Amino acid sequence: MTNSTFLNIAATLHETATQRPNQAAVIEPGGRSVSFRELDDLSDRLAHGMIGMGIEPGRRLVLMVRPGIEFIALTFALFKAGAVVVLIDPGMGPRRVFRCLDHVEPDGFVALSIVHALRVLSGRRFSSARWNVTVGRKWFWAGATYAGLLGNEAALSGRREHPGTDVPRSPVIVQTKRIDPAAIIFTSGSTGPAKGVVYEHGMFAAQVAALRDFYQIEPGGIDLPGLPLFALFNGAMGVTTVIPDMNPARPAQVDPRKFAGAIGRERVTQGFGSPAIWNRVGRYCESHNITFPALRRVFSAGAPVPVDVLARMKATLVAEGAEMYTPYGATEALPVTSITATEVISRTADQTRRGAGTCVGRPFPSIRMKIIAIVDGPIGSLAETRELPANEIGEIIVQGEVVTREYFRRPEATAAAKIADGQTFWHRMGDVGYLDDAGSLWFCGRKSQTVETPGGRMFTDRVEPIFNTHPRVARCALVGLGARPAQVPAIVVELESGTPSAALTAHLTTELRQIALAHENTRCIERFLYFRGSLPVDVRHNTKINREQLAEWAAAQ
């Protein structure tokens, strides 16, 4: 299949609607739902309206609506119209969101009323945004509305029937190529400025195929996605989406009663959540003796998943063959590897606690992976790299159809993240790790968060799990004090409970120092600092520790 092959990822929804017209496509917390036929029809009518208002293929439209039927219908409508959907995580805060918007220079907004109000009050900041759709009430600005678009089809075709009437017609899907952009999805910016990752239609199709085939996901399943973006895969796989009753920008604050209640009430067969979500849900289920007879697959990603979280969730899975998986990847490349909770608990967890890193499993069949010597700065070609043997820590690079090729309008960032290899390229994950003798990948931490001491490099995921074994430590972070390569390693501790009083911290420091002396990875660590409250984490998964922020805090102590 060549790059010039026509492919529009929205065609998968129409195929599902043809094969499973009456199956529920989306179920909202309040009980409102649509079938796949209704969702396909809804997105068709919206696409008709968008084309009618002048939205042409390639136009960049920012989508900012709450997770639900409208979000999914509008996303597929934009795909069908050939537009490029721009997705920015609102949890990163107004200032960073505006920075992303300034960079992308959107051609329009498909958004809630409050977003449009902020757009208009920003003066000429978004003067290029000419194609705007309001989801909700339109106040003092021009443009279309969601409800109005649903009625535009009749005007376009010369008919005047009610927009809800069943009228036979062919689907609305603009012809796009595999390499045409379908979306710009911004990274969370947890370890640097948020960057817009360009997703092509072919990449979305490759992701669907990889996830469906590897996990043997069959049509008719029911999914509860804790990350709204993951709901878009379901339309292509014939899987019902149950929208969780939660704020997706604050997954660590999920109400476990509501989340677990939805799993049981809707007989959910698979669910995705960050470790922060499953930590709360697992603890709730353990304390209330709750199991899920219908749940067959649980996915968790975004950061290494603590073993106790895996064990608690695994205990809720009572169906034969049910399993919890922790796939590894990034916004720029997903999925890359996968491992089961069973394998972690039975084989790799003890090694992690002793400082081996976190095993994230074997690569997906469609992924090529190498471990190369760690270097700073861009790498011009694969010939300039040195591939490392098994069990040697280096930088993780990957290649495959699910690997994105560029950041939007960031040539320097693209050059820093991609390595040319003839007519193709490799993506630098920004992580360090190693492949063991069996070909499994062991994650050792973010490359940018490596601590460089006179005695050598220290990697976060080969250090922190050692101290996390102490019962008074909820979690901790390795940071470097001073400048590379002469940093002094320090451990910042979040207590499981209580406040870090002088007496407690003195006693705990003595015990942690004894733990440090027992492991080669940690013998040089003598500084232990105690953080009041929870350690700062990323906005998307509420799990990745912001070690850069902690390093600044530690330097001031």
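Mentor: Let's begin with Cys100, which is buried, at a relative accessible area of 4% (buried means under 20%, exposed over 50% and partly exposed in between, with a 1.4 Å probe and protein chains only). This is a predicted model, in which local features need pLDDT of at least 70 and side-chain atom pairs pLDDT 80 or more, while totals for chains, interfaces and linings use all residues. Numbering runs from 1 along each chain as its sequence is written, and side-chain values use heavy atoms, without hydrogens and water.

Cys476 is buried too, with a relative accessible area of 1%. Cys476 takes part in no disulfide, and the nearest cysteine sulfur, on Cys524, is 14 Å away; a disulfide here needs two cysteine sulfur atoms within 2.5 Å. The structure as a whole has zero disulfides.

From there, move to helix α7, residues 201–215. Helices are DSSP runs of H or I with at least four residues, strands are E runs of at least two, and both are numbered from the N terminus. The 15 residues of α7 span 22 Å from first C-alpha to last, close to the expected 21 Å, taken as 1.5 Å times one less than the residue count. Its buried residues include His201, Met203, Phe204, Gln207, Val208, Leu211 and Tyr215. An α-helix has 3.6 residues a turn, so residues three or four places apart point the same way. Just after α7, Gln216 adopts a positive phi of about 55 degrees.

For contrast, visit Trp139, in the loop between β6 (133–135) and β7 (144–145): Trp139 is partly exposed, at a relative accessible area of 46%.
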